[in-house]
Amino acid sequence: MKDLFTEIWESIRRNKLRTCLTGFAVSWGIFMLIVLLGAGNGLMNAFLRGGDGIATNTMKVYPGRTSKPYDGLKEGRRIVLDDKDVELTAGNQFSQYVDDVVATVGTSTQVSYGKQYTSGYIEGNYPSRKDIDRIVILHGRFINDKDIKDSRKVVVLPQNMAENLLGGDGEVATGAQIGALHLGAEGDGKKVDPAALIGKFVKIGGLAWQVVGITKSDMSRNDNLFYAPYPTVKTVYGKGKAIDDLAFTFHGLKTEKDNLAFEKEYRAAVNLHHRAAPDDERSIWISNRFRQNLQMNKGTGILNIALWIIGLFTLLGGIVGVSNIMLITVKERTHEFGIRKAIGASPWDITKLIMSESVCITAVFGYVGMFLGMLACQLLDKTVGQSSVAIMDEQIAMLVNPFVGLDVALEATLVLIIAGTIAGFFPARKASMVRPIEALRAE
Amino acid sequence: MLIELKDVNKTYNNGQPLHVLKGINLSIDKGEFVSIMGASGSGKSTLLNILGILDNYDTGEYYIDGRLIKGLSERQAADYRNRLIGFIFQSFNLIGFKTAVENVELPLFYQGVNRAKRHQMAMEYLDRLGLADWAKHYPNEMSGGQKQRVAIARALITGPKILLADEPTGALDSKTSEEVMQLLSTLNREEGVTIIVVTHESGVANCTNKIVHIKDGVIGQIQDNFSHSASAFGTATIMK
């Protein structure tokens, strides 16, 4: 083994510039591969960070309008979900999969605190909705079981509403203002601490409600939506059987196919309850987070593959280069191979020499490229990774952890070895077929 | 018989078929010191290549020590070359980027002998040829005679049955040529190495004990030369 490396080193030493120039192409290829994959990972991490902590096994059901005539009723009829749908969902038919069913009900209203007031939408909710909707509590707590049981008049307000109620201009803050508040810049409203509102009573619809929690404003939802216990809202606003929407968690649906089959069966059951065609896909909307997640994973998978392909094609240039210099090397060393064969080198001995030289060049320069690539990823993290963009008033980092894992490093190593072998194969074959008499005559 | 050639024929097919060896019959015994003499184009180089298993022949039989050398795989041929034959070339054919000792080691490397052992053996052989001080030198730092002696050390290190020398003095001046021939002669006399020298120089041939004349692909005269009086230009020197 040591002899082999000595031979390779001797050969490389004689062609330093040529080897370095070609090696650069390999380094560049691997460098690009690592940086691309790292940046890709960073981008995906930034996207997926939004998904942190979401329970993925949830479905939400919203009402829609029928799109087919059925059971003597015309299409275009508005569907209103009701308690019966909740019972149906939680009932025996789906008990194999469905765990926990929660409904919401709500109405537009006005909230006031002292002289300040703001309009909003009060939504009656259950504790488990916190996880399903990924509600982030900044201060205090969310609705709890006791609130539900006792039908307490408590509310959980979003940060921006709380800030509005505490001071400022008495208008619902616009996105820009909230963005400014996030950044701590001077805005129209005074700087206020929303936590000050916890334990205080606000007036909603002429009744006093105690504020128990402040949530992070989520601009992807209505920014003046706030939460109260479901039974309280239902009673206070006399909503009867109607509900806004319902959500449930489920288990045992592992594949896309399972999920689609379940959705179909579920849709049929709910549709029938509302006298809509079982296959009417517009009467109710089902938003299945598990399936969205699957699709997202598929999307990131495709992006990953695309990056690999681009990286590998960049690397291909380097490999062709290595193959090329190996061919030149073989041509130059024909005489030497002839001597070696004359004194007893078998074709395999010669093949081994060229192949391992090729693998060595590829691997060494590849590792240099890999190292530089990882360095570049660190640099990306220190620069672009520290900046963020405001999308819908939420600070979204451009790149989160733009690194490649050990698995990618191992895969890249494998790629390098394979690449080196391929690059060396044809030159090595050519070298092994050198006939000693031809080679010795060549001088 | 160490070497036996029976009706060996060889034709080159490069456009015009060229019948180079036309039925060669030759026997060489162990310990002989033979030269094959002929003009250029006589087929002597082809014969040497066949003897050295560097080339194959079309018909006939070639035995080394009773072993039929025919239709060998490349790997097997390489192995036989390594173990049975030592080569000495006109242009030395040392590997330029290896030192003298590394060049001598090389045949043992292909036998899989470990590093320390083969280094020690190579040093021994260099020492015997009076080149121990030159072990670490590269071929281009040595004179022609020194290079040829390194090549001889390399040829001897595997303990081959046959030493094949192709115009061993072709690139040397007359004095060095004589030294090299003396060396071969000593090796033959004192260690019983079978040596076959291919040459077109009668002075070189005269140093050997048997001269095989080859002409137009057939063996002409086989001349015993123990008296070393075959040279047309006198017996004392190799004419250049």
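This is a predicted model: local features need pLDDT of at least 70, side-chain atom pairs count only at pLDDT 80 or more; totals for chains, interfaces and linings use all residues.
**View 1. Chain A as a whole.**
Chain A holds 14 helices and 12 strands. Of its 443 residues, 41% are buried. Now take the contacts in chain A with a separation of 6 or more: 78% of them join residues 24 or more positions apart.

**View 2. Where chain B touches chain A.**
Here 21 residues of chain B are in contact with 18 residues of chain A. On the chain B side, two elements give two or more residues each: helix H2 (74-84) and helix H3 (100-109) of chain B. H2(B) gives the most, with six residues. The side of chain B that touches chain A has 10 nonpolar, four polar and seven charged residues.

**View 3. Helix H11 of chain A, a mostly covered helix.**
H11(A) spans residues 334-342. Seven of its nine residues are buried. They are Glu336(A), Phe337(A), Gly338(A), Ile339(A), Arg340(A), Lys341(A) and Ala342(A). What do these buried residues pack against? In chain A, the partners are helix H12 (347-382), helix H13 (406-432) and helix H14 (436-441). In chain B, the partners are H2 and strand E6 (85-88). Look also just after H11(A): Gly344(A) takes a positive phi of about 120° there.

**View 4. Helices H10 and H13 of chain A cross.**
Helix H10 of chain A covers residues 289-332. Its axis and that of H13(A) come within 8 Å and cross at roughly 25°. An angle under 35 degrees counts as roughly parallel, so H10(A) is roughly parallel to H13(A). The crossing is right-handed. From H10(A), the residues that meet H13(A) are Leu315(A), Ile319(A), Val322(A), Ser323(A), Met326(A), Leu327(A) and Val330(A). From H13(A), they are Ala419(A), Ile422(A), Ala423(A), Gly424(A), Phe426(A), Pro427(A), Lys430(A) and Ala431(A). By class, this contact has 12 nonpolar, two polar and one charged residues.

**View 5. The six-stranded sheet of chain B.**
This sheet is open, and its pairing is mixed. Read across, the strand order is E6-E7-E8-E3-E9-E10. Which strands stand at the edges? They are E6 and strand E10 (218-224) of chain B, and each pairs on one side only. Neighbouring strands are turned by 20° against each other on average, direction ignored.

**View 6. Strands E3 and E9 of chain B, a parallel pair.**
Strand E3 of chain B runs over residues 33-37, and strand E9 of chain B over residues 210-215. Four bridges link E3(B) and E9(B) in the parallel sense. Find Met37(B): opposite stands His213(B) in E9(B).

**View 7. The four-stranded sheet of chain B.**
This open sheet has antiparallel pairing and the order E2-E1-E4-E5. Strand E2 (16-28) and strand E5 (67-68) of chain B are at the edges. Each has a single partner strand, so one side of each is left without a neighbour in the sheet. Strand E4 of chain B (residues 59-64) is joined to E5(B) by two bridges, and the two strands run antiparallel. Tyr63(B) has Leu68(B) in E5(B) as its bridge partner.

**View 8. Helix H1 of chain B lies across strands.**
H1(B) is made of residues 44-51. This helix lies across strand E1 (3-14), E2 and E4 of chain B. H1(B) runs at about 60° to E2(B).

Methods: Residues are numbered from 1 along each chain as its sequence is written. Chains are lettered from A and ligands numbered from 1 in the order in which they are written. Two residues are in contact if their C-beta atoms, placed from the backbone, lie within 7 Å. Ala, Val, Leu, Ile, Met, Phe, Trp, Tyr, Cys and Pro count as nonpolar, Asp, Glu, Lys and Arg as charged, and the others, Gly among them, as polar. A residue is buried if 20 or more other C-beta atoms lie within 10 Å of its own, exposed if 12 or fewer, and partly exposed in between; C-beta atoms are placed from the backbone. Two strands pair if DSSP finds at least two bridges between them. Axes are lines fitted to C-alpha atoms, for helices over the stretch in contact, and angles run from 0 to 180 degrees between N-to-C directions. Angles under 35 degrees count as roughly parallel, over 145 as roughly antiparallel, 65 to 115 as roughly perpendicular and the rest as oblique. A crossing is left-handed if the near helix is turned anticlockwise from the far one by less than a right angle, and right-handed if clockwise.
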